[in-house]
Amino acid sequence: MAMTEQEILAGIGKIINEITGIPAAEVTPEKSFVDDLDIDSLSMVEIAVAAQDEFGVEIPDDQLKNLKTVKDVIAFIQG
Amino acid sequence: MSTDQVRVVVTGLGATTPLGGDVASTWSALLAGRSGVRTLTEDWVDSVPVKFAAVAAVDPTEVLPRPEARRLDRAEQLALVAAREAWAHAGIEKVDPERLGVVVGSGIGGITTILSAYDTFKEKGWQRLSPFTVPMLMPNGPAGWIGIEIGARAGVHATVSACATGAESIGYAIEMIRSGRADVVVAGGTEAAIHPLNIGSFAAMRAMSTRNDDPQGASRPWDKGRDGFVLGEGAGIVVLESEEHARARGATIYAVAAGVGYSADAHHIAQPEPTGAGVMLAMRRALANAGLTGEDVKHVNAHATSTPAGDVVETVAIKEVIGGHPLVTATKSMTGHLLGGAGGIESVFTVLALHERTAPGTINVDDLDDGIEVDLVLGAPRELPGGRIAAINNSFGFGGHDVAVAFTTV
């Protein structure tokens with residue numbers, strides 16, 4: 001059963017809030033992890049691991065570095 | 001009491017201990033003679049022979065924001081809580097980052113992180129390890145985080161000398177300022193080691209009290225019935241500053257950090273040297289370093305851990321080097337033994353004792369051991385004399401480390 005974009009966004013917002021303290025409402029699709037949300041590379045690894053657990057999608061390291069925005073992650077999860 | 005060296009003063013205090021989540025609550029509990037020791041209720045307690053500890057009164061995860069707490073080892077959490085209090089207390093609004101340093105150590109480092117990360121590794125694989133595992137387990141982590149927080153660029157250091165760590169850190173910080181390398185240094189010790197492996201390991205040395213039917217009576221320095229130390233956790237931090245820097249900004253000065261003496265027993269990895277020679281040398285050097293005589297010293301916060309071997313010989317050393325006159329106290333009777341954090345909180349207590357002219361008492365001494373010829377503060381606190389007086393905080397550690405830090409009133 002495929003998740004909707006909204007469901008994935010909500011899930012990502014929850015993970016980012018848990019790890020960084022950024023309010024989930026600020027996690028919108030166009031936001032860049034580094035430039036807008038000020039998330040460092042170690043936190044990105046934490047987020048990727050949590051996203052794998054949440055969505056059951058493996059994010060290889062060489063793919064992770066290409067995921068610059070929240071929208072990129074949603075697209076990756078949707079396959 | 002004169003020395004031509006740069007005078008170093010104490011302008012900020014911070015602590016989170018088994019008696020309270022800050023300096024004020026800890027100090028009032030200490031003066032009230034309360035014990036911070038409690039029975040442990042964790043599942044693992046059945047696996048170890050010691051069923052109690054002096055747990056931090058305020059859990060640091062209740063104070064720190066959750067995203068911050070989850071990337072810090074508990075020893076780092078406690079250190080940050082105490083450092084923030086000390087920094088706010090000092091009220092430094094502006095300092096050149098290249099003249100600002102940190103010296104904060106712990107005895108064991110991020111031991112609970114190491115052990116839980118190893119469980120994660122075995123059960124779920126390396127991919128599930130937190131990317132913060134390394135900065136959580138490294139013993140210089142607390143110093144590093146504090147340095148980042150306050151922007152310290154003069155040097156961030158972490159001394160490691162078991163239970164002498166906190167005092168050694170403060171001594172190193174005094175020297176950093178005296179040598180001209182910094183104007184302000186945040187210094188102290190932290191520890192968070194209440195874990196069954198540590199309790200089991202200390203118990204294997206027969207170093208811990210097993211008075212399970214009376215946890216609050218278990219830490220009883222100098223009492224004939226003492227049977228080992230009580231494990232505690234927490235952090236104690238001081239802000240040290242050159243007197244010139246402190247005066248220029250109109251800071252409140254709580255005490256002078258007058259000097260430090262170091263020595264080593266060169267005797268046994270864990271047992272105290274039986275004549276107290278190393279302890280005497282450290283105290284003699286502290287007096288010389290501070291330009292003090294034994295007569296100036298009116299109070300000693302003793303190392304006195306409640307182990308059978310060390311408590312009495314320390315008093316013999318105090319009598320020999322300082323005399324029988326100072327009011328000697330063992331605050332570990334209330335806080336338990338914070339290992340690397342001990343010298344941190346006990347330096348905070350020593351500074352407060354001078355500032356408030358009050359030596360805290362020692363609880364649980366019902367049957368005083370033989371051979372003690374110094375003036376112990378048993379039971380209630382006692383008043384310290386007026387005028388310019390000095391006090392010493394002793395801290396000794398496995399490895400044979402002996403450290404004595406000397407403070408004076410302003």
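This is a predicted model: local features need pLDDT of at least 70, side-chain atom pairs count only at pLDDT 80 or more; totals for chains, interfaces and linings use all residues.

Me: Which residues of helix 12 of chain B are buried?
Reply: First the rule. A residue is buried if 20 or more other C-beta atoms lie within 10 Å of its own, exposed if 12 or fewer, and partly exposed in between, with C-beta atoms placed from the backbone. An α-helix has 3.6 residues a turn, so residues three or four places apart point the same way. In helix 12 (residues 311-321) of chain B, the buried residues are B:Asp311, B:Glu314, B:Thr315, B:Ala317, B:Ile318, B:Lys319 and B:Val321. They pack against helix 11 (277-290), strand 9, strand 10 and strand 14 of chain B.

Me: Is strand 9 of chain B mostly covered or open?
Reply: Mostly covered: five of the five residues of strand 9 (residues 297-301) of chain B are buried.

Me: How do I read the pairing of strand 9 of chain B with strand 14 and strand 10?
Reply: Strands of a sheet pair through backbone hydrogen bonds, either parallel or antiparallel. Here two strands count as paired if DSSP finds at least two bridges between them. Strand 9 of chain B runs parallel to strand 14 (residues 390-397) of chain B, with four bridges. One to find is B:Asn301 with B:Asn393. Strand 9 of chain B also runs parallel to strand 10 (residues 327-329) of chain B, with three bridges. There, B:His299 has B:Leu327 as its bridge partner.

Me: How many strands form the open sheet of chain B, and in what order?
Reply: The sheet has 11 strands, in the order 5-4-6-7-1-8-15-14-9-10-12, and the pairing is mixed. Its edge strands are strand 5 and strand 12 (375-376) of chain B, each pairing on one side only. Strand 8 (residues 255-264) and strand 15 (residues 401-408) of chain B run antiparallel, joined by eight bridges. B:Val260 has B:Val405 as its partner there.

Me: Why is strand 6 of chain B described as largely enclosed?
Reply: Because eight of the eight residues of strand 6 (residues 184-191) of chain B are buried. In a regular strand the side chains alternate between the two faces of the sheet. In strand 6 of chain B, B:Val184, B:Val186, B:Gly188 and B:Thr190 point one way, B:Val185, B:Ala187, B:Gly189 and B:Glu191 the other, and all are buried.

Me: Which strands does strand 6 of chain B pair with?
Reply: Strand 4 (residues 100-106) of chain B pairs with strand 6 in the parallel sense over seven bridges. B:Val104 is partnered by B:Gly188. Strand 7 (residues 234-242) of chain B runs antiparallel to strand 6, with eight bridges. There B:Thr190 is partnered by B:Ala235.

Me: Where does B:Cys163 lie?
Reply: In the loop between strand 5 (155-157) and helix 8 (165-178) of chain B. An unreviewed UniProt entry annotates B:Cys163 as "active site". UniProt positions are given in the numbering used here, feature names are shortened, and annotations may be inferred rather than shown by experiment. B:Cys163 is buried, because 26 other C-beta atoms lie within 10 Å.

Me: Is A:Ser41 buried or exposed?
Reply: Exposed, because A:Ser41 has 11 other C-beta atoms within 10 Å. A:Ser41 sits in helix 2 of chain A. The unreviewed UniProt entry gives it the annotation "modified residue: O-(pantetheine 4'-phosphoryl)serine".

Me: How many residues does each chain bring to the contact?
Reply: Two residues are in contact if their C-beta atoms, placed from the backbone, lie within 7 Å. Chain A brings seven residues and chain B eight. On the side of chain A that touches chain B, helix 2 of chain A gives the most, with four residues.

Key: Residues are numbered from 1 along each chain as its sequence is written. Chains are lettered from A and ligands numbered from 1 in the order in which they are written. Helices (H or I, at least four residues) and strands (E, at least two) are DSSP runs, numbered from the N terminus.
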